[in-house]
Amino acid sequence: MRVVVVGAGVIGVATAYYLSRVGCEVTVVDRAGTVADAASRANAGQLSYSFTDALAKPGFIAQIPSLLAGRNPGSRVRLAPDLLPWGLRFLAQCTSGRAQRNTLAVLHTAMRSASLLNDLRQSLPFNFSHRSAGKLVLLSSDDELRSAEASSKLKNSHGCATEILTAKDAIGLEESLDALSATFTGAVYSRNDEVADARPFTLGMQNWLEKSGAATFLLGATVDRIPIKQNRVRSVLVAGEEIEADAIVVCAGAWSGKLLRPLGVDPHIYPVRGYSVTLPQGERSPLISVTALKQRIVFSHINGSMRIAGFADFAGFSTDDDHQRVKTLVDVAQSFAPLAANYAALEQQQWGGFRPMTPDGRPRIGKTRVDGLYLNTGHGMLGWTLACASGYDVARAVTKTLH
Ligand SMILES: Cc1cc2nc3c(=O)[nH]c(=O)nc-3n(C[C@H](O)[C@H](O)[C@H](O)COP(=O)(O)OP(=O)(O)OC[C@H]3O[C@@H](n4cnc5c(N)ncnc54)[C@H](O)[C@@H]3O)c2cc1C
């Protein structure tokens, strides 16, 4: 069975791998000249299997006035017509029942992803700086603590292993936290969370799949359209030429809606921009991955460097403010954790990417109402974490329907 995968981010490449494992002849098409060129390029690298908490939750409503007034440095909102329908859908998810269901649905996918990546790692012939780092989420108010306790209890009752620690116990685990400029009230610790670099993983997978003949990559090739006839797709159009396939899997991240809407399929994805900077280590760099909830930033120790990532901007596909936003990210990180990185270093890698965000925080995986058309997209803040289970699931969906 011939399958075209549109998009060569971490999701497209994981999809290609699992499709090849079930015997499909796979072609991956991406408009970029290299794989992992968009959201999968320099993300925070956290395999955040335990932190699947939905962004849409009752507490979010209270933050809206400060977000709209631009008082939260970690988030910018540009009110534009394209945000409105998505925003209304997002608000509809902000009930405690829906937030719990969404958190648990993603948790179950994340736990399967952990186990699949663990199996896969044994056979991978390349290094992607994987480390069983554990993760600490720092809490800075009683409200955050109460909400973290409730969430931990819920997730632990579904097989997750998180612990609530006092600030003193957290510093006992990760000594660099005593060099922070601000105090924190406590932390959530998950020893099972990991860290690894998504880009070398995606590049390594591409090489491995190509060398073994398991998949072909067509890079620098934009899919302009997916023709539909009698509710069936059989090809993608690239520069006026048709590439034929028995199935097409759209893994086009934040751009998926553009390709899918003409086919009557809308995954309701909004591009939520985030940023990262990769710096040399500082005098007191944390080894455990650290998330500062209030500041909306994360610190990941990847391959001897400190990657600081975060922020969530709702401003469409605009990249106009990237320079300023990365500067703000670095300022916030430096004032919070002045010794975590060498902020004065000249060799800084700065980056911005669009998270493909659905209103309920759940990815869209599986078949659609159009025969031959499948989705693996909408992974939002957790695409790297969910990549293996998502690729596995969509490969199963393709073979189940078409065999
Ligand atoms: C700042 C930041 C930090 C993050 N940190 C983490 C983290 O710590 N852990 C985690 O799990 N996740 C994290 N994420 C989220 C994660 O990076 C994304 O969920 C993930 O990369 C999405 O992968 P993807 O393959 O779906 O999309 P992408 O990597 O964006 O790939 C989509 C691809 O589709 C291609 N494409 C689009 N349209 C077409 C077309 N018409 N024709 C051909 N090709 C097309 C694009 O060129 C692109 O290469 C973070 C994201 C950001 C922005």
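User: In the hairpin of S13 and S14, which residue takes a positive phi?

Analyst: This is a predicted model, in which local features need pLDDT of at least 70, side-chain atom pairs count only at pLDDT 80 or more, and totals for chains, interfaces and linings use all residues. Residues are numbered from 1 along each chain as its sequence is written. Strands (E, at least two residues) and helices (H or I, at least four) are DSSP runs, numbered from the N terminus. Two residues lie between S13 and S14, and the one with a positive phi, near 45°, is Ala239.

User: How many bridges join S13 to strand S14?

Analyst: Strands pair if DSSP finds at least two bridges between them. S13 and S14 (residues 241-244) run antiparallel, and Ser235 stands opposite Glu244 in S14. The number of bridges joining S13 to S14 is four.

User: Which residues of H9 are buried?

Analyst: A residue is buried if 20 or more other C-beta atoms, placed from the backbone, lie within 10 Å of its own, exposed if 12 or fewer, and partly exposed in between. Helix H9 covers residues 322-336, and on its other side His323, Gln324, Asp331 and Ser335 are exposed. The buried residues of H9 are Arg325, Leu329, Ala333 and Phe336.

User: Within what arc do the buried residues of H9 fall?

Analyst: An α-helix has 3.6 residues a turn, so residues three or four places apart point the same way. The arc is that of the directions from the helix axis to the C-beta atoms. The buried residues of H9 line one face of the helix, because seen down its axis they fall within an arc of 70°.

Note on methods
The expected span of a helix is 1.5 Å times one less than its number of residues.
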